Amino acid sequence: CERETERICAANHPYSDDEDAQNEIEVNGNWTPQEKALHEARLKAKAKRRLRKSSSRSSTSESCSQSGELAGSDPNSPKGKVNTNDRKSRTGKGRGLPKKGGAGGKGVWGAAGMVYEMEEPDARDPNYDESAQGDTVYATVVPEVDEKEMEKMVNPIVQEYFEHGDTKEVEMLLKELNLGLHKFEFSSLAVSLSLEGKASHRELTSRLLSDLSGKMLSQSDMARAFDKILNELPDLILDTPEAPQMLGQFIARAIADHVLPMSFLDCYKGKVDCEHARVALDRAAVLLTMKREMVRLDNVWGVGGGLRPVKHLVKEMNLLLKEYLISGDISEAEHCLRDLEVPHFHHELVYEAVVMVLESKGDSAIHMMLKLLQSLWKTGLITVDQMNRGFQRVYDELPEISVDVPHAHSIMETLVDLCYQESVITKQLRDACPSRGRKRFVSEGDGGLIKN
């Protein structure tokens, strides 16, 4: 019972001094293990409480020494008590001012009455949005075409132009390229490619240079381009032996179209060492000094295929046939017909040849046209379809032709028979030839006899 009483007293006085507890222990004798563990726990708890009290007293003394009085203390409150509702720092550190100047807290945008001004956006801000900063102008930067890549990019444009012949499309494609200081090389590349092509390609190139002059290429750019071609003539002549003469025609046509300045040829007088360049310049000078009645520089390349009007093609074929009747040179006629580059329009040549025979006087025209048609048939320049179409057109218009040429039917029959004998036309085409009826009606004074 005495031990139980001592335990209750120890529980009721947990904060008693160690000396009292030690005296009680000495009086009561030895401890049990449970009592010994309980005693050690009490000692540890008491040591912690003393440590807390000493730390709080030191911090309070420091704050009082700095500000003269306890920061945040209420005069009516007990000594050492701190108002927990105060927003000032309770650690004793800092200047004792409220946090954020009194403008902080949850759901608070700032101090009362505070007006925010517009701030300039900072490009270094992670949330910086360039597209949202007013009127944003975007510009596409096209890199300048390298001299090595120039030929790869220009060749497809020129080759396509030879097919469609639209100079505006070429101009649009060139504007998309940043040619920079190498834009004059486009003209030199186009001329070099046309030298390897047909006469129609050279005609198209001359038109292209004329249309681009003043818009994308100046006269100085054109002069640099032709100067470069003159220097490259020794290499161009390996693939195109007629390159000097063709280049001379290009220069003459360019000067006539005001693509090159009139003083272009004068700059090279006595300053050219290359023989091929002298040939080209002499050719250009001769063409420019000729009278307009003798040669027209707009047709220096001949007729440009189907791009020319039909009336112009008909006129060229008439001129071809008239020159043949005068010279009798079949090879020259074939060469001129090939240069026209209109195989779909060869029926016009057959039609014009037959009409010339009908309107001519004598038999020489018949035999000459027969030789020409026979040669064109054997070489394959005129196909069966074009030959039949040309003769059929004459058959359809023969009644109208016979008004001006009374003997048109008889001449036509003679020509058709000769062409059939030389295997120029088929039997069906010969049989389709119209003939005037030769039956003579009996008159009253003939005595019932049919006149021979």
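Q: Is Trp 377 buried, partly exposed or exposed?
A: First, a caution: this is a predicted model. Now the case. Trp 377 has a relative accessibility of 26%, so Trp 377 counts as partly exposed. The cut-offs matter here, because buried means under 20% and exposed means over 50%. Trp 377 sits in helix 15, residues 364–379.

Q: How far apart are the C-alpha atoms of Trp 377 and Ile 425?
A: They are separated by 9.3 Å, while the two residues lie 48 apart along the chain.

Q: Where is Leu 349, and is Leu 349 buried or exposed?
A: Leu 349 belongs to helix 14. Leu 349 counts as buried, because its relative accessibility is 2%.

Q: How many residues are in the largest nonpolar core?
A: Start with the general idea. Nonpolar side chains tend to be buried together in soluble globular proteins. In this model, the largest nonpolar core has 49 residues. Those with the most contacts inside this core include Phe 186, Phe 226, Leu 230 and Phe 264. Several helices give two or more residues to this core, among them helix 4, helix 5 (167–175), helix 7 (199–212) and helix 9 (233–239).

Q: Which helix gives the most to this core?
A: Helix 10 does, with 8 residues.

Q: How many salt bridges are there?
A: Again, the idea comes first. Side chains of opposite charge can pair when their charged atoms come close. The cut-off is a side-chain nitrogen of Lys or Arg within 4 Å of a carboxyl oxygen of Asp or Glu. By that rule, the count is 10 salt bridges.

Q: Which side chain does Asp 221 meet in a salt bridge?
A: Asp 221 meets Lys 183, at 3.7 Å from N to O. This pair links distant parts of the chain. Asp 221 is in helix 8, and Lys 183 is in the loop between helix 5 and helix 6, 38 residues apart. Now compare their surroundings. Asp 221 counts as buried at 9% relative accessibility, whereas Lys 183 counts as partly exposed at 31%.

Q: What parts does the pair of Glu 185 and Lys 228 tie together?
A: The side chains of Glu 185 and Lys 228 form a salt bridge at 3.9 Å, N to O. Glu 185 lies in helix 6 and Lys 228 in helix 8, so the pair ties together parts 43 residues apart in sequence. Glu 185 is buried, with a relative accessible area of 6%. Lys 228 is partly exposed, with 25%. Glu 185 has another distance to check. Its C-alpha atom is 8.3 Å from that of Arg 224, which is 39 residues away along the chain.

Q: Where do Arg 393 and Glu 348 lie?
A: Arg 393 is in helix 16 (residues 384–404), and Glu 348 is in helix 14 (residues 346–359). The two are 45 residues apart. Their side chains meet in a salt bridge of 2.8 Å, N to O. Arg 393 is partly exposed at 24% relative accessibility, but Glu 348 is buried at 5%.

Q: Which residues do salt bridges that share partners join into one network?
A: Glu 203, Arg 207, Arg 253 and Asp 257 are joined into one network.

Q: Which residues gather in a patch of negative charge on the surface?
A: They are Glu 144, Asp 146, Glu 147 and Glu 149. Take Glu 147 as an example. Glu 147 is in helix 4, residues 147–164. Its relative accessible area is 47%, so Glu 147 is partly exposed.

Q: What is phi of His 258 near?
A: Here is the background. Most residues other than glycine have a negative phi. Phi of His 258 is near 60 degrees, a positive value in a residue other than glycine. His 258 lies in the loop between helix 10 and helix 11. With a relative accessible area of 57%, His 258 is exposed.

Q: Where does Ser 423 lie?
A: Ser 423 is in the loop between helix 17 (408–421) and helix 18 (427–431). Phi of Ser 423 is near 60 degrees, a positive value in a residue other than glycine.

Conventions
Residues are numbered from 1 along each chain as its sequence is written. This is a predicted model: local features need pLDDT of at least 70, side-chain atom pairs count only at pLDDT 80 or more; totals for chains, interfaces and linings use all residues. Side-chain values use heavy atoms; hydrogens and water are left out. Patches are made of residues with over 30% relative accessible area and no salt bridge: like charges are joined within 9 Å, nonpolar side chains (Val, Leu, Ile, Met, Phe, Trp, Tyr) within 5 Å. Accessible areas come from the Shrake-Rupley method with a 1.4 Å probe; for residues, only the protein chains shown count as cover. Lys and Arg count as positive and Asp and Glu as negative; His and the chain ends are not counted. The place of a charge is taken as NZ of Lys, CZ of Arg, CG of Asp or CD of Glu. Helices (H or I, at least four residues) and strands (E, at least two) are DSSP runs, numbered from the N terminus. Buried means under 20% relative accessible area, exposed over 50%, partly exposed in between (1.4 Å probe, protein chains only). A nonpolar core is a set of buried Ala, Val, Leu, Ile, Met, Phe, Trp, Tyr and Cys residues joined through side-chain atoms within 4.5 Å.
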